[in-house]
Amino acid sequence: MQFQQLQYFVAVAETRHFTRAADLVHVAQPSLSQQIKALERELGADLFLRARGNITLTDAGEALLPLARRILADAETARHEVGELVQLRSGRVRLGATPSVCTGLLPDVLRAFHDRYPGIRLLIEEGGSHDLVRELARGALDLALVVLPLPSPSPALTTVEVLREDLVVVSSPDAPAPGRGRTVRIGDLEGERLVMFRHGYDLRELTVAACRSAGFEPDFAVEGGEMDAVLGFVRAGLGVAVVPRMVATRAGRGLRVTPLARPGLHRTIALAHRSDVAPPRAARELQRMLLER
């Protein structure tokens, strides 16, 4: 099995067209077809069902596709790792993070990293923990900052706790303060209109679960936003929201921040990477800076 054959196989699987796949990998279509047939002979199974204008994967092709993608991703990582200079003057780091972590934790750390290693490109992908874990597993990310516990246990990932953060309630200073004092109980949110994040946001699941544990269903004024949108809607007086303290602190003027009464709500942020592949050198340096922040 040749590395090039796997490249051609993935190209056909993703385009579902031999000619377009050949253009994608910059090879003549007959050469690509010959290499695919050679791969099928070696594996002893057809990888594609070929019908006029319709290319689909066989069961064998479906089984091979995620493995081939992982091999290609690992090879790409190896190329970047070997190509980095000892002094970390070049290279890249592919970092995934939840949107609230991008807003709260990352700016200062990334600025310090960039000041120290200006030649390292930082590629940031925002997403929910579930999506980031999937991207890590297929080799599309070097590191990811995720919320624990993970959506589903993954023995292929190593996680290290970075911080445990309190959640707070933010509201518009022009609206009545939620609760009855200097703190807010979860039960006080019954009857409040909530500005709620989109589905897949870790904060959405955590807030809704807390409300239900307190015996009520939350009432949404607006839902479906990202972090910046949620904060903007709260400033406009559309409702209140539960957000990380670090995000509320960075959000600046226009928000009232009220702590949650004990025991409150918390979330744990962890740094994750694949257990079977060491992160590239530049990623390991960013990992060190995040853990020592």
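## Salt bridges in the model

A salt bridge is a side-chain nitrogen of Lys or Arg within 4 Å of a carboxyl oxygen of Asp or Glu. By this rule, the count is 18 salt bridges. Side chains of opposite charge can pair when their charged atoms come close.

The model is predicted: local features need pLDDT of at least 70, side-chain atom pairs count only at pLDDT 80 or more, and totals for chains, interfaces and linings use all residues. Residues are numbered from 1 along each chain as its sequence is written, and side-chain values use heavy atoms, with hydrogens and water left out.

Start with Glu285 and Arg288. Their closest N and O atoms are 2.5 Å apart, in a salt bridge. Both residues lie in helix 11, three residues apart, about one turn of the helix. Helices (H or I, at least four residues) and strands (E, at least two) are DSSP runs, numbered from the N terminus.

Glu285 also forms a salt bridge with Arg116, with the closest N and O atoms 3.7 Å apart. This pair links distant parts of the chain: Arg116 is in helix 6 (residues 106-116), Glu285 in helix 11 (residues 281-292), 169 residues apart. Arg116, Glu285, Arg288 and Glu292 are linked in a network of salt bridges.

## Buried or partly exposed

Buried means under 20% relative accessible area, exposed over 50%, partly exposed in between (1.4 Å probe, protein chains only). Glu285 has 13% relative accessibility, so Glu285 counts as buried. Arg116 is partly exposed because its value is 47%. Arg288, at 29%, is partly exposed too.

## A pair between strands

Glu165 and Arg267 form a salt bridge (3.3 Å, N to O). Glu165 sits in strand 6 (residues 157-171) and Arg267 in strand 11 (residues 266-274), 102 residues apart. Both Glu165 and Arg267 are buried.
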